[in-house]
Amino acid sequence: MNRLGCLSINHRSAPVEIREKVVLSPQDFRSLCSRGEEVYALTTCNRTEVYWIGIDEHALLKHMAWLSGVSGESLRGYCEIYQGQEAIRHLFMVASGLDSLIIGENQILGQVKDAYRQALAAGTTSTFLNKALHRTFRTAKRVRTETSIGRYPVSVASQAVELACHIFGDISAGPVLIIGAGDMAGIAARRLKDRGAGDLCIINRTFSAACDLAAELGGKPRSFSALKQELLRCAIVITSTGSPTPIITRAMMDDVMKQRRNEPMIIIDIAVPRDVEPEAGKCYNCYLYDIDALKTIVDKHISFRQEETDKALAIVSAEVERFARWAGSLDAQATIRDLFFLMDEYIASEMGANSLEPGHAAIVEQKLRSSLKRYLHRVASYLKEHPTLTNIEQTRRIFQLDEDYQDRHKG
Amino acid sequence: MILWAVILFYALTGLFFITYLFWRKRPVVLFARGLFLASIAVHILLTLSLAGPAHRIPLASPVQAVNMMVLLASLVFIFFAFRRQTAVLGAFFLPVAGVALGMIAPRLQANGTTLPVMFQTWYPLHTVSVVAGEALFAVAFVVSVVYLIHEGIIRKGRLHWTAASLPPLRLLDRILSACLGTGFVAITAGMLFGALWASSLGVDLSQILMKIWAGAAMWLVFAFSLHQRFAIRWSGRRTALITIAGFLIMIILFVGVNMAYPGAHGAGLTR
């Protein structure tokens, strides 16, 4: 477990100018994984993380500096480094969305899985990291199903979808109108598309901008003059234009709702200054939310997610402990194997030093082996039952396993 | 004895549905559904036992009518209980059903003698239609209450409440519309059958004037609601408010008329 390391460049530790340079994939580390070393790399818009087994931290930093073009010294300043259990805890927290800019966001798990697929294709992971990543998926799933951390949306578009679902059931059937083609409108439209909005209509004063966004999203561009016509047709409206005066007035909505025969309609106005007159929200069956109303809801959801964080952290801790037990048993097995190799070497050296007759030598070797096995069996059994880090380290120290290996490697 | 078993079953089922409203776990709703089925089975047994030795439809008294209304409404709600989006409606209906049955429990008894000949043609049609219509209005009432609660939650933006996951407004509105439409047809048919029955007996209408006015008032409230809905699309909140008002008027009239004409349409008609 102690061999596991993690290097994280994230939204807390590094500005976007650095994060955008350190974009790495598992393939970039293939050259480092020649002798059983393992590497897993994850890059998202908010973080770049590298997890490794059996690689020297300085060599890794040097390699990353070479790949990103950022000097090793400054890169080190932007890194958070975790070792052993802390590294695995960090991985679990990242995949569960607990380390994200928006706590509980669920896109990260998909990104962790994608990066794992790439690592498998590149062949940079093996037993330890494979197991660690499978445990990560399990932990993230538990956090998602056993807590409500990701249940309530915190982005404007997700909020619009949530509100629409409360009114209409789902958003896939009805047409959705996006007024504006700027950044905010674009983000909202993309999110709506991701959440299943099928029929997107985009209206903008500059028709070419509407065409561009519509082409990107597979929607339908309309000229600004068709606004009222589209309001009659669409049940979900998101508006975000730079207009200094409201483009949807109470009088217009009265007329629209009359012609819609009071069919329910939801309008999300994320523009500042507002695109929709507040009075329009008083029309019968018209649900109007401006940016302040949305912010109030989002703030409640964020505080709710934070309340759920404690439950999620408890799950992460339990899973870390479980993984540590598994990793401990893995280390214990390696130690037991090393002990028996040591025994073989000891017997071989003892037998080589004595000049016994062949018949006697075989009997002596057999006796020696069986005595040592009986003796080591007690140690092995204890280690198997109590594969704690302390026990493993003490065993290795008592039997000088690491020194022996170092000596032999030197030899 | 069996009546108290029904009340106990309804109370328990209601408790499970209320738990599900706040704690959305699949085993809870599965258990609630199973209990609901058992409640209805026991309720059917109770209703059959009320038919008495003459095997008459157990609608011979206002108390039996309430029992039948609760049973019919339960049959509608069991359909909702097995739909994912509408399962929580049971949390709002079952406590009301339990209270209604608890209130009639001391006076609920089986039918005694057989009906006179004059009760055997239009009378069953009249009572069954009216009670079915009233049961559907009871369903519409519960759905309207849920609609107003859910709309309030949406308008106040309290979507993070676990209990906020109520059926979508559009679905509630559709259920409301279907219940009002079907209930209105049943009530109208029931009133026509009642009129035919009274005319076949040659009843003096002045003797049952209050009953006629009460029926007409209730009919007009629901007719108004349906007219507004189909003519000028008063869907949603307004329909829900009219339905609640209409149902409360229906209850007041039901109690009032039965106090004025005790004995199952008896005294005035059989004279």
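This is a predicted model: local features need pLDDT of at least 70, side-chain atom pairs count only at pLDDT 80 or more; totals for chains, interfaces and linings use all residues.
**A friendly note on chains A and B**

A:Leu42 stands opposite A:Glu49 in β3(A). Residues are numbered from 1 along each chain as its sequence is written, and chains are lettered from A and ligands numbered from 1 in the order in which they are written.

1. **Partners of β3(A).** Helices (H or I, at least four residues) and strands (E, at least two) are DSSP runs, numbered from the N terminus. Strand β2 (residues 38–43) of chain A runs antiparallel to β3(A), and 6 bridges join them; strands pair if DSSP finds at least two bridges between them. A hairpin of 3 residues leads from β2(A) to β3(A). Strand β1 (residues 4–10) of chain A also pairs with β3(A), in the antiparallel sense, over 7 bridges. Within that pairing, A:Ile9 has A:Thr48 as its bridge partner in β3(A).

2. **Is β3(A) buried or exposed?** Strand β3 (residues 47–53) of chain A has 7 of its 7 residues buried, so it is largely enclosed by the rest of the structure. Here a residue is buried if 20 or more other C-beta atoms lie within 10 Å of its own, exposed if 12 or fewer, and partly exposed in between, with C-beta atoms placed from the backbone. In a regular strand the side chains alternate between the two faces of the sheet. A:Arg47, A:Glu49, A:Tyr51 and A:Ile53 point one way from β3(A), whereas A:Thr48, A:Val50 and A:Trp52 point the other way, and all are buried.

3. **Chain B in outline.** Turning to chain B, you will find 9 helices and 0 strands. Of its 271 residues, 45% count as buried. Residues 24 or more positions apart make up 80% of the contacts in chain B with a separation of 6 or more; a contact means that two C-beta atoms, placed from the backbone, lie within 7 Å.

4. **Two domains in chain B.** The domain assignment, whose bounds are automatic or from a database, gives domain 1 (1–109) and domain 2 (126–271) of chain B. Their C-alpha centres lie 20 Å apart. In all, 22 residues of domain 1 of chain B are in contact with 20 residues of domain 2 of chain B. On the domain 1 side, α1 (2–22), α3 (62–81) and α4 (89–104) of chain B each give two or more residues, and α3(B) gives the most, with 8 residues. By class, that side has 18 nonpolar, 3 polar and 1 charged residues. Ala, Val, Leu, Ile, Met, Phe, Trp, Tyr, Cys and Pro count as nonpolar, Asp, Glu, Lys and Arg as charged, and the others, Gly among them, as polar.

5. **The largest core.** A nonpolar core is a set of buried Ala, Val, Leu, Ile, Met, Phe, Trp, Tyr and Cys residues joined through C-beta atoms within 7 Å. The largest has 120 residues, and those with the most contacts inside it are A:Ala160, B:Ala73 and B:Val139. Helix α5 (residues 122–156) of chain B supplies the largest share, 15 residues. Not counting residues up to four places away in sequence, B:Val139 touches B:Ala73, B:Val76, B:Phe77 and B:Cys179.

6. **Where the chains meet.** Between the chains, 19 residues of chain A are in contact with 12 residues of chain B. On the chain A side, α7 (156–168) and α12 (291–353) of chain A each give two or more residues.
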